[in-house]
Structures are given as C-alpha cells and as structure tokens.
Amino acid sequence: MAAEEAAVRAQAEAVRRLKQDKADPDEIAKEVVKLLEMKAQLGGDEGKHKFVLKTPKGTRDYSPKQMAIRERVFNAIITCFKRHGAEVIDTPVFELKETLTGKYGEDSKLIYDLKDQGGELLSLRYDLTVPFARYLAMNKITNIKRYHIAKVYRRDNPAMTRGRYREFYQCVPQLSGLLCTVEEGSFLLHPTVLASLVEGKNFLLIPNLATVELLGVLAGHMNQDFDIAGQFDPMIPDAECLKIVHEILSDLQLGDFLIKVNDRRILDGMFAVCGVPDSKFRTICSSVDKLDKMPWEEVRSEMVGEKGLSPEAADHIGEYVQLHGGLDLIEQLLQDPKLSQNKLAKEGLGDMKLLFEYLTLFGITGKISFDLSLARGLDYYTGVIFEAVLLQPENDHVEEPVSVGSVAGGGRYDGLVGMFDPKGRKVPCVGVSIGIERIFSILEQRVEASEEKIRTTETQVLVASAQKKLLEERLKLISELWNAGIKAEVLYKKNPKLLNQLQYCEDTGIPLVAIVGEQELKDGVVKLRVVATREETWTNSINQTNKVALLAWAKETGIDLVQINGQRRYGGPPPGWVGDPPPAGTEVFIGKLPQDMYENTLIPLFQRVGKLYEFRLMMTFSGLNRGFAYAKYSNRHGAKEAIAAFNNFEVREGYAIVVCKSTEKCELSVDGLATSVSRQELEAVLRRVTEGVLSVTLYTSPCWKRAQLAVLKYTSHQAAAMAKKTLMEGNVRLGGLEMRVDWLNPDMKQKLQSCEKKPSSSRVQGSKCLGVPKQVPQSPVLHNVLDCLNTLCQKQYLGTPLFLTKCVQADANGWLWFWCWVVIPGCPVPFSGFAWVRQDGTGRSGHEEAKIALALQVLRMLGCQLT
C-alpha cells in the first residue's frame, strides 16, 4: 500500500510540473486521467469527501476588525441619507429574469441566472436601481426619497485587490425622481452618483470643517443607494444627489476627489452632429465610457476597427470628448454652431447650466467638472450622469498605494419605471450609488499602515472581581447593568485573575472596570477603574430594596418617570397644568443627596412646600443618582420656601443636603477653534447638531495661540446641558483639533467682554479679526494683493472673487472697523471676518484697505506665500 501511495504522489507531482511548464494540453489531460485511475485503484477513501476550505471566487469573509470599519462607514453614510430626508426600503435578493433583462446594455452578460425550480425564471439582482423601479411601478408610487442598502451580484472577473467582487453591497439613496447608490464591491459604478460629501446642507460652511455624520465610504462591493423619484422642478434633486456625494467623500477624508458630470442628451446630440448612425449610439457610447481607462487613440481604434464607425466621425467625436470644465465650457458649447442646433444637446446643456447654478449655491463647484468624456454604459440613463473619482494615491505609508479610481456614480433614469408600468406611465428618477468596497480597501490599508487600534465591540464596562468565589456577585451586578441598558461584559470563568481581567480591557478597548471585592461588599460600594488612566473611584452599590420601593411607589401613584440621557424626569408640565412654563427663579438645585435615594422619597418631600412643575434627578450609568437634582416649582414662592425649609435638612441621618437657587446656566464656552471659523459658519453647524441656540459670539482665545473661543447661549439650562453633552461626546468637529467645551464662568465672561472690539496689533489674525499695523507701512507686494488673488483664482479656475465690505465702527484716532465678506465661486464656502483699517494717504478708501486685508488672509489660506 505504501508503494502505491508513493506512486500516486509521484504521478501528482508529474502533473503539477507539466502544468507549471505549460505543456501540451493533451499531454496534461492524459497524465491527469492516469492519476485518477491510480487513485481509484488505491481506494480506501470511499465515502469520504474532502472539502476545500475557501470562499467562492469574488467573495470574502470579514473579520471583526474589518466589520468595525464597515460599521463606521455605513453609519456615516446612513446618517447623511437620513439628513437629506430619505426613507429606507428593501427588495428580494432575486428578481424575475425578465425584470432585469435588457436594462444594463452590454453589462447584461454579468447577470447571475438561477435554476428554475418553481416555474419561474429568476436572476440575482445586478443592482438596486432596477428593483427600485419595479417597486415603484408595482406599488403605483410616484414620489419617494429613499435609500437602500443590500447585496447585489455580478458574474464579473473579480479584482479583489482593487476592491472588486462578485458579491457586494450597494448603498443607494433614491428620490422618486432621484436615485443614488453606493457600490461596495464592484469597480463598475452602480447607476447612481456618489451619495453625499461631508459638507452637509447648512452644516459645514467652513473650509476643512468636517460633518458629524458623514457617510462614510463610497466605493466597493457594498452599494448604498439613494434615489429620488417624482415630478420635481428640473435639476434640484440632481444637485442634491451631487451634494450628498460631496458630503460623504469629504467626511470620509479619502483624499482629493473630483465629481464628473455629463448628460446623456448632450452625448446623443454630440453623436448625431458627429455623424454617428442612430443604431450605433449605444455601442459608441460604451467605447467613449472607456476613456478613463484607455487613451483616446485606443478608443478611436475600437470605434473604427471593431464597431465600424467612419474615421471622420471618430475624429469629430474626439474634438468634443476631450473637453472638460465648468460654466464657461457650458456657455461655449451653447454657442457651438452644430450642438446649438441639435434639440437634445441644447436641452441637456440648458439643464447642465441650471445644475451648475444650484451647485454654486451648495458651494461645491470646486469639486465638480463638466466632462464630455463621461458616458456611463447603462442603457437606462436618460439625462444627467455623474461619477466621482479619487485623484491621487490614498495611502502614503505603503509601497503600493491603493488605486481605486471611481468611487461613486449615478444619474437620471426617467424612463425605467415606465418599462414596468402596464400603462407606460413615467416616474422621473435620479439616483447615486457609492462604491463601499473600494473605500473599505483604502481605509483597511490606512489602518494597517498606521497600526491604529480598532475596537470591535461597544462594551462600556467589564464587571470584574478582585478575589475568588465572587461569581454570584459579578453576575448580579452585570444583570443590573444590562437591565439599565449598559453595555457590559464579564469573563466566563468562576475565578479569573484580576490582572487577566484588566488586560482583557486593555486588549479590547473597554474603558471602565467595575471591581467587586470582599472589602467592597462589606462597605457596600463598587470600585470603578478607568482603564486608560488607572484612576479609581468608589460608588455606592445599587440598593435593591430602595429600587423596589421606588417602582412600587411609581406604580401606586401613577407617576411617570422618563429617562432622558443622564437624568430621570418627572412632570413638565404636571397633570392639570394650564398656561406657560414657570418663569426664571422657580427652580432650585439640590445637592449632596445619598446615591441610593430616589424620587419616592424626594418628590413627596419637596411637594410639602409648593406645587412641583418638574423634578429632575441626575443619574449615573449604573442607575444610581449622581448626588444632585433640580426641582422646579409653579411659582417663585415655592422655590423660596424650599430653600428655607430644606437647605441643610437631614434627609437621612448624617446626610444634610444643600438646597439653593438654581443658576440655570445657559452659556457654554468652546475654546480651541480655528481662526478660519466664522460666526455664521459655526452657528450653522450648531443649529444642525443642537437645539435652542440663541446666539454665538467669537473672541480671540485667551489660552490658545492662533485660536478662537466661542460663547454659545441657549434658550434654557437643559438645552445648554444637552448641547454640552453632544459637543463633548459626539464626533462633532468645529474647526479645532483640541476643542474644549465647558460652562462659561463669570470671570471668563467678564474678561472676554473687557477685550471685545479692541484693535488687533497684527495685520491679520485669522478670518475673524483682521488688522492693519499702525506704524509699519505696506510693502509694494501688499499693494498688489487683489491682483494676486485674482490671478491665483484664474489659474486654479476658481472664478472671480466678489467682495462685500461694510464699515461698522470708527474710533477717535481714525481707525475704521470693517466687516468683510468674499465669495470665490470655486471654493466651497465664503470667507468673512472683521478688520481694523486706516487710510494711509495713498488715496485708497477704507473699503479698499479692508479688501486688501481680507484678500491677504484668503491668499494665505489658499496656500499662497507673499514676501
């Protein structure tokens, strides 16, 4: 038997060598047959089946670390979609084959067909757009804004190293009338444009200011689709799709990108005037679509040699498809003697001009290019088409940078729904698809290069024990935490070593450890340890008896206690209340409360002296009170009586509480903001992520160089507290790398007010406080600042700067305080700020001096160094 097995191994090795040497196929086949015969004679493996442990071609598994990155991306994208008002839908993973047939042009060959087992011919969905159109027609829906995240399938030749797969997700926002998809795994752009870039509507008005949500990653096998369907005024939904793409890509910070736009009607009109026969429009369009991967000479050769187009027509097409630009190019083509006479092209160019006007209002034209080479091969596009591409390698830390090309695409498909409607009724649609898988490839390589530690769980606290035989106590405590909604873990060992438990927290990123030990049990406390700093605090353990008493009291009285973030609220208004909320001065602060004392004791106590409007008990993560509360009465008299009766009152032996007038703080300070942040821009961000903003004031930071401090005033203490929590704990970036948020204390407020509106001693201090030195004369270079700015904007195709200046103050020494504002069409947001200026006898007005001051700052922000 051993000799026979050795012969089989030798024969197998001979077959491998023949394959490596690329021998004659007949010879290889002959030796393979011989090998199989030898294995059959050897026997001994009957009934056994050797499994090949691999994923199918074009697919892959995802580790917890990879899934954590994906979740970040998806959360960002979904947040963006929801910010734009999209609803979510889902459709089956397979459709009737006839539903998908004929919708994808030459790509139809990539559709996966399923075996007929139930009387229906089926196919796996190729994208999320056609199923969406079928859904609209079947349900007679004419207006919807939706997004869809699901897997799609393409029988493609996968290039997994470039983020291209056979199974991948699409993430598609779609508006009935508009469609957007995000492709995660295929480098074939799904029929929708990149969903959203980071500068959300009215959210980011500041250069380099990132949005809270952002949509995460756009290219890849996981497509996230966003679509708008319905009858709307032209180009408004289309512009929103491009805005979404811009928001997402900006938020994900993948590097420099460009969104190319074109219109199928312009393409068709161009083909017509170039002499392309109607029958060849789609096939020539498919060739033009390859210009991002092939040089023009090869594309021309394909059109002429393979597709039978005349050389003259091909050359004429080449004159157009190599053009790209913005509004100037659109105006140029509208005057083109041939295109302007073609009805389709004229309509497309008119809509493209309107689209760019809306994109200018959105402030994203700096990332948009009207590109006549963009064709997109899918047959169902009828109007605007777009595609987002990355412009440079995305990872500078690896030898082979990721090259992913386009990461999103989409367009308008007004005729697709009508193909499924029995009466042929059209539902205009436009959408965008973001390639998730490609983006994941970039982010994964970045994480590997930076060795960033990725948390794969959201556990907030590990319940640990310091000694043996404390499993029962650990399980009781973790049950309490779970019931309170806290994400907690416990090691599955009866007697784990404390060092091993702490090491587990460090390895997995768990921030807190709740330690139960013999001494802690005697003292009735739980030790809390912050893993990162190793700081320890003690908190009273949960008093189960008091908790049961609270629940019984609430049930008996019918009082409704509502848990909101870090507090539990009663009332506001209580039953029978009529009229407006109580005025200022009706709330008292209650401090030094025992942590196991609850509302069943406190509310009846404070109701003795007056009618309560509201009672708020501050809570810890473990369900204990934080030692303080707020009681609001229906009038000021009740608040005064409470202070008189209960300040230093012993609610329990040895526990004298503090009761005083609540300051009802409504102002926050945010220090460390970049000098490029303007009040209007900051206010727009805050109104997006917080509620109740009354005012925003900016000052030069007293603690940071080249930074600003903002004072935020809110409508109430509760609104300010919630804003403080959002700004401190969320992912909000307000233009500062180390932003600090705190309550505004009186000393700081007085200090800021005393420094307000003093002329700066420097010529330029950020875009908010511009100044002109009193003694130093302007250099000849500064005299030409405006010309320099105009020249720079022309070279970078940013358009002509537009200034607005207004004198708001003049002092006795001849200094003028100007507010300045400049819009550069190619920049995403305007620049604004204040400047102290003084006429220096050169004949220039104060307005001209203010322009020079702001222009100098803008030049520096755009990277231009003046000497």
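Trainee: Why is the crossing of H7 and H12 called left-handed?

Mentor: Because a crossing takes that name if the near helix is turned anticlockwise from the far one by less than a right angle, and is right-handed if the turn is clockwise. The crossing of H7 and H12 is left-handed. On the H7 side the contact (heavy atoms within 4.5 Å) is made by Arg 265, Ile 266, Asp 268 and Gly 269, while H12 contributes residues including Leu 344, Gly 348 and Met 352.

Trainee: How close do the axes of H7 and H12 come, and at what angle do they cross?

Mentor: The axes of helix H7 (residues 264–273) and helix H12 (residues 343–362) come within 7 Å, crossing at roughly 145°. Axes are lines fitted to C-alpha atoms, for helices over the stretch in contact, and angles run from 0 to 180 degrees between N-to-C directions. The helices themselves (H or I, at least four residues) and strands (E, at least two) are DSSP runs numbered from the N terminus. Do remember that this is a predicted model, in which local features need pLDDT of at least 70 and side-chain atom pairs count only at pLDDT 80 or more, whereas totals for chains, interfaces and linings use all residues. Residues are numbered from 1 along each chain as its sequence is written, and side-chain values use heavy atoms, with hydrogens and water left out.

Trainee: Which hand does the crossing of H9 and H10 have?

Mentor: That crossing is right-handed. Helix H9 (residues 296–306) and helix H10 (residues 311–321) pack at about 145°, with axes 10 Å apart. H9 makes the contact through Trp 296, Arg 300, Met 303 and Val 304, and H10 through residues including Pro 311, Ile 317 and Val 321.

Trainee: What makes a group of residues a nonpolar core?

Mentor: Its members must be buried Ala, Val, Leu, Ile, Met, Phe, Trp, Tyr or Cys residues joined through side-chain atoms within 4.5 Å. The largest one here has 92 residues, and those touching the most other members are Met 270, Phe 271, Val 288, Met 303, Ile 317, Phe 370 and Phe 386. Helix H6 (residues 236–252) gives the most to this core, with 8 residues. Apart from it lies another core, of 27 residues, with Leu 550 and Tyr 570 among them.

Trainee: Why does Glu 444 count as buried?

Mentor: Buried means under 20% relative accessible area, exposed over 50%, and partly exposed in between (1.4 Å probe, protein chains only). Glu 444 has 13% relative accessibility, so it counts as buried. It is found in helix H13 (residues 436–450), and beyond its neighbours within four places in sequence it is in contact with Arg 60, Gln 66 and Ile 69.

Trainee: What about Tyr 380, is it buried or exposed?

Mentor: Buried, because its relative accessible area is 5%. Tyr 380 lies in the loop between strand E11 (368–371) and strand E12 (384–390).

Trainee: And why do Lys 469 and Lys 592 count as exposed?

Mentor: Lys 469 has 75% relative accessibility, so it counts as exposed; Lys 592, at 60%, counts as exposed too. Lys 469 has a positive phi near 60° and sits in the loop between strand E15 (461–465) and helix H14 (471–483). Phi of Lys 592 is also positive, about 60°, although this residue is not a glycine.

Trainee: How do you know that the length of H1 agrees with its residue count?

Mentor: The expected span is 1.5 Å times one less than the number of residues. For the 19 residues of helix H1 (residues 2–20) that should be 27 Å, and the end C-alpha atoms are 27 Å apart, so the two agree.

Trainee: Which residues of H1 are buried, and why are they said to line one face?

Mentor: Val 8, Gln 11, Ala 12, Ala 14, Val 15 and Leu 18 are buried. Helix H2 (25–42) is included in what covers the buried residues of H1.

Trainee: What makes H18 a mostly covered helix?

Mentor: In H18, 6 of its 8 residues are buried, including Leu 602, Ile 603 and Phe 606.
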